Amino acid sequence: MLVAVIALLIWQWSNIARVASNFINGTYGMLGWGLILLLIGIIVAVCVLFRDRLSGFAKRWTLNYWYRWLGAIVLVFVIWGVLGLMSLGGSVGRSIVSDGSITGILRLVALLLAALALLLPAVVWRAVKAVWHGLVGMVRMPAPKPKQEKASTIASVSRQRVLPRTASDAVEFGDSGADKDKSSANSQAKRTSAALAAVGAGVKTGDKQVAQDIWRKYGESTDVVEVDGWKLPPIDLLDKSQEMEFSDADNQQRAKVIEDALISYGVAGKVTEINVGPTVTQFGIEPGWDIKTKRVHQKDSDGNVTVRDEELSRTRVKVERITALSNNLALALAAPTIRIEAPVPGKGIVGLEVPNKIYSTVTLRGIIEANSFQKLLAKTRLAMALGKGAGGEAVADDLAKMPHLLIAGSTGSGKTVCLNAVICCILMCNTPYDVKLILIDPKRVELTQFSSLPHLAAPVVVDTDKALSTLRWLNMEMDNRYKKLQAVSARNIDAYNESKSGKDKMHYIVLVIDELADLMMAGFDEVEHILCRLAQLARAVGIHLVVATQRPSVDVITGLIKANFPTRISFAVTSQVDSRTILDAVGAEKLLGRGDMLYAPRDAVKPKRLQGCYVSDAEVERLVYFWNSQKKEEIAPLNASEIATAPAFTKKESQPGDPLMDTVRQLANEHNQMSASFLQRKLGIGYPRAARLYDQLKAEMDSMPDGGAEVPRDDNF
């Protein structure tokens, strides 16, 4: 066969050579050196396909970077046109440049600019903006100098530290360079502190001007919702969120690393879900099967021996085998720490939470605009925006159903920002007739920015003694509210407010304590007892507690407090002991800080990992200025004299007396010798109760006016 083919080629070689020569000459005449460009393009495309898998190629290059492929094709035509100018591009090159005419050259320049715009869009956009601003600056008239330099400086610095730096704001307030300043919320907070230092004594004048500007921009709008004569703040007061885009190819690569690491340690598993969050990415691992086999030798009819593997049993891989590899998986992923949720509630997977290389900021506006928060807001007034979960879903909850919230975490982990987010959520959705706030801030610097709000039932409490008096007053207010409910036969605050509006409504009261440890050191028994009593009884009358501490130890968060605060949030802590104290589980010591938290609601089996909302100082100031600008009347604060005269309410005063105390006094009169063991035998009670009765009898004898007779004691009883 081969000889026949060779003979045929030799016989027809002249015809084959003539056809090949005509094809090459025709192809070269049509394409020219452009044939080399086509070959290079084909080689590059084949290399890309072999380097990436087909799915990764389709997602990464075809979908995400299609404009770059289009730019490369346009660039090939530009080079082909240049070859056409040099008579090397064939008929295709000559048609691109129209045989070297002016129209062809202009067409070539246009194609070159289009290729650069597609290949380097960011660079071209910056260049166009720079050229445009340069041309505008050449024809723009310089702004006149202000007559009063100090006043203009105060007004401009005050506006800079409050208003968002956007082009629309620049047009309204006359700032020509505002469109160049698009910094993040962190840099905006830095500008705030620098502006306050620069303004000095003139801050009050600037604040008044800023309040007027904010009210003119937002409060006088026709879209503002009005409730009971108060206008609710618009959502435009809050900063917009900037979503971060994460590479799918990077997550696919990390998923493959996880699967390879599990196989290397003898654990079968497959990554079935990838949920990308703002701080961590959750990889859902489905446990594989442990298959036990045995080798069976069989002989066929010819006497040949065949070997096959027979399956004996098939069992699922234990979850404990995956959780035990947390450190090994962190090493394989080059991650500082990972957290394993085994299993994920409601799913048949094990969640592996790996920190992202780039963190995304979760803004309060992004959560408020989410559907989950809007649905919750239609049912309750105390909707709280908490943050985003590991899969990027918005998480919100109702403070009225919690009904109290306990927050803990080390210094700088995000507790105060979380408290600011809770307060701002209340201010965004409620008028002073709906909710009153009582803020206790022993640090003196964290919550004082809310000191001028009309929602405050009293000025921000910074003194420890006043804080104790405020807790006593709140305890009496709870009792008075129960009397009002009893008078109208209402079971809770919602039933009481059904037929009332405006000032006649019974408003909610939210108590916010920024540092519980300081209050516990000032009055342990009294603070613990009042907090527990409020947590047990205050829900029905609309009083809710939000308590935060940076020392989650057993002497601050006692067993009684934990039992009455079923909803808890833990930010990053230093040890597993602190994590167990606040959550009754480990895991908080592996958090990343900066708002990374574990949220344990009242009805959840396991805590859920969230990235908390970030509220900047500029947003808080805009919100406070908005409410202060529409102060129609002075809201009467708490009666200071009533708070000061509130009686101390300690745990010892509330303890009932022992019913056997009268019998003990009678025995003391009848017998000369007394002891705890004697009381234990005579009364038939346990030793702890007998010892307590004996100590109480001794205290009564010592407190008698004449000093009392010494309690007779005989240790030989």
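Mentor: Ground rules before you start. This is a predicted model, where local features need pLDDT of at least 70, side-chain atom pairs count only at pLDDT 80 or more, and totals for chains, interfaces and linings use all residues. Residues are numbered from 1 along each chain as its sequence is written, and side-chain values use heavy atoms, with hydrogens and water left out.

Trainee: Okay, why is Asp 236 with Arg 365 called a salt bridge?

Mentor: The term asks for a side-chain nitrogen of Lys or Arg within 4 Å of a carboxyl oxygen of Asp or Glu. Here the closest N and O atoms are 3.3 Å apart, so the pair gets the name. The partners are 129 residues apart: Asp 236 sits in the loop between strand E2 (230-231) and H13, Arg 365 in helix H16 (residues 364-368). Helices (H or I, at least four residues) and strands (E, at least two) are DSSP runs, numbered from the N terminus.

Trainee: How do you know whether Arg 365 is buried or exposed?

Mentor: Buried means under 20% relative accessible area, exposed over 50%, and partly exposed in between (1.4 Å probe, protein chains only). Arg 365 has 8%, so it counts as buried. Asp 236, at 42%, is partly exposed.

Trainee: What makes Asp 239 and Arg 622 a salt bridge?

Mentor: Their closest N and O atoms are 2.6 Å apart. That pair spans 383 residues, from the loop between E2 and H13 to helix H25 (residues 617-629). Both Asp 239 and Arg 622 are buried.

Trainee: And what ties Arg 665 to Glu 700?

Mentor: Another salt bridge, with the closest N and O atoms 2.7 Å apart. Arg 665 is in helix H27 (residues 661-670) and Glu 700 in helix H29 (residues 687-702), so parts 35 residues apart in sequence are tied together. Arg 665 is partly exposed at 30%, and Glu 700 is partly exposed at 25%. The whole structure holds 26 salt bridges.

Trainee: Why are E3 and E7 said to stand at the edges?

Mentor: The open sheet runs E3-E4-E8-E7, with antiparallel pairing. Strand E3 (269-276) and E7 each have a single partner strand, so one side of each has no neighbour in the sheet. The twist averages 25° from one strand to the next.

Trainee: How do you know that E4 and E8 pair?

Mentor: Two strands pair if DSSP finds at least two bridges between them. Strand E4 (residues 280-287) and E8 have six, in the antiparallel sense, so they qualify. Gln 282 stands opposite Glu 353 in E8.

Trainee: What makes Ala 334 stand out?

Mentor: Its phi is positive, about 55°, although it is not a glycine. Most residues other than glycine have a negative phi, and most peptide bonds are trans. Ala 334 lies in the loop between helix H15 (326-333) and E7, and at 70% relative accessibility it counts as exposed. Arg 594 also has a positive phi, near 55°, and is exposed at 61%.

Trainee: Which peptide bonds are cis, then?

Mentor: Among them are Ala 342 to Pro 343, with omega near -15°, and Met 402 to Pro 403, with omega about -10°. Pro 343 lies in the loop between strand E7 (339-341) and strand E8 (350-355).

How values were computed
Axes fitted to C-alpha atoms, helices over the stretch in contact; angles between N-to-C directions.
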